[in-house]
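Me: I am new to this one. Please take a close look at a single part for me, and keep it brisk.
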Amino acid sequence: MSEVRSDEESVDASFQTFVETLTDSETYQEFTAASQALENDAEAKALLGEYREKQQRMQRDGYDQSLLSEMRELKSEMADNETIQRHKDAQEALVDLLQETDDAISEQIGREFAQSTGGGCC
């Protein structure tokens with residue numbers, strides 16, 4: 001029983017080291033800074049909110065050419081917004097880092113580490 005607890009403690013300690021290393025990484029720090037910048041940018045938040053609202057309307061009400069046109073215009077505005085693009089780039093970099101981490105763990109253990117099973121047990 002104490003051997004199992006020792007293994008669990010070792011895994012937990014290693015996990016904490018991993019989390020600290022991740023949160024200290026430049027990639028994570030840039031994502032955090034970009035998220036904070038986005039939170040503080042009223043114009044960027046308004047663009048994102050308006051786009052999401054129109055997406056929801058399109059899903060709820062179905063295809064609408066004028067709404068689609070508005071969404072394209074908003075998407076173009078978002079692409080030109082430096083804060084939104086910085087956040088998007090930082091998010092993509094963090095996702096890439098986490099994917100590389102998943103790949104490295106999977107390679108070490110010889111199976112898919114973060115494999116999606118689609119939910120459910122059976």
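Is Glu30 buried, partly exposed or exposed, and at what relative accessibility?

Reply: This is a predicted model, so a few ground rules apply: local features need pLDDT of at least 70, side-chain atom pairs count only at pLDDT 80 or more, and totals for chains, interfaces and linings use all residues. Residues are numbered from 1 along each chain as its sequence is written, and side-chain values use heavy atoms, with hydrogens and water left out.

Now to Glu30. Glu30 counts as partly exposed, at 32% relative accessibility. The scale works like this: buried means under 20% relative accessible area, exposed means over 50%, and partly exposed lies in between (1.4 Å probe, protein chains only).

Glu30 has a partner. It forms a salt bridge with Arg86. The closest N and O atoms of the pair are 2.8 Å apart. The term has a cut-off: a side-chain nitrogen of Lys or Arg must lie within 4 Å of a carboxyl oxygen of Asp or Glu. What does this pair join? Helices here are DSSP runs (H or I, at least four residues), numbered from the N terminus. Arg86 is partly exposed too, with a relative accessible area of 35%.

By the salt-bridge rule, the count comes to 6. Lys45 is partly exposed, at 39% relative accessibility. Another pairs Arg60 with Asp61, and here the closest N and O atoms are 3.1 Å apart. Arg60 counts as exposed, at 60% relative accessibility. Asp61 is exposed as well, at 55%.

The surface also has a nonpolar side. Phe15, Phe18 and Leu98 make a nonpolar surface patch of about 270 Å². Such a patch takes residues with over 30% relative accessible area and no salt bridge, and joins nonpolar side chains (Val, Leu, Ile, Met, Phe, Trp, Tyr) within 5 Å. The areas come from the Shrake-Rupley method with a 1.4 Å probe. Phe15 sits in helix α1. Phe15 is partly exposed, at 46% relative accessibility.

Val19 is found in helix α1 (residues 2–24). Val19 counts as partly exposed, at 29% relative accessibility.

Methods: Helices (H or I, at least four residues) and strands (E, at least two) are DSSP runs, numbered from the N terminus. Patches are made of residues with over 30% relative accessible area and no salt bridge: like charges are joined within 9 Å, nonpolar side chains (Val, Leu, Ile, Met, Phe, Trp, Tyr) within 5 Å.
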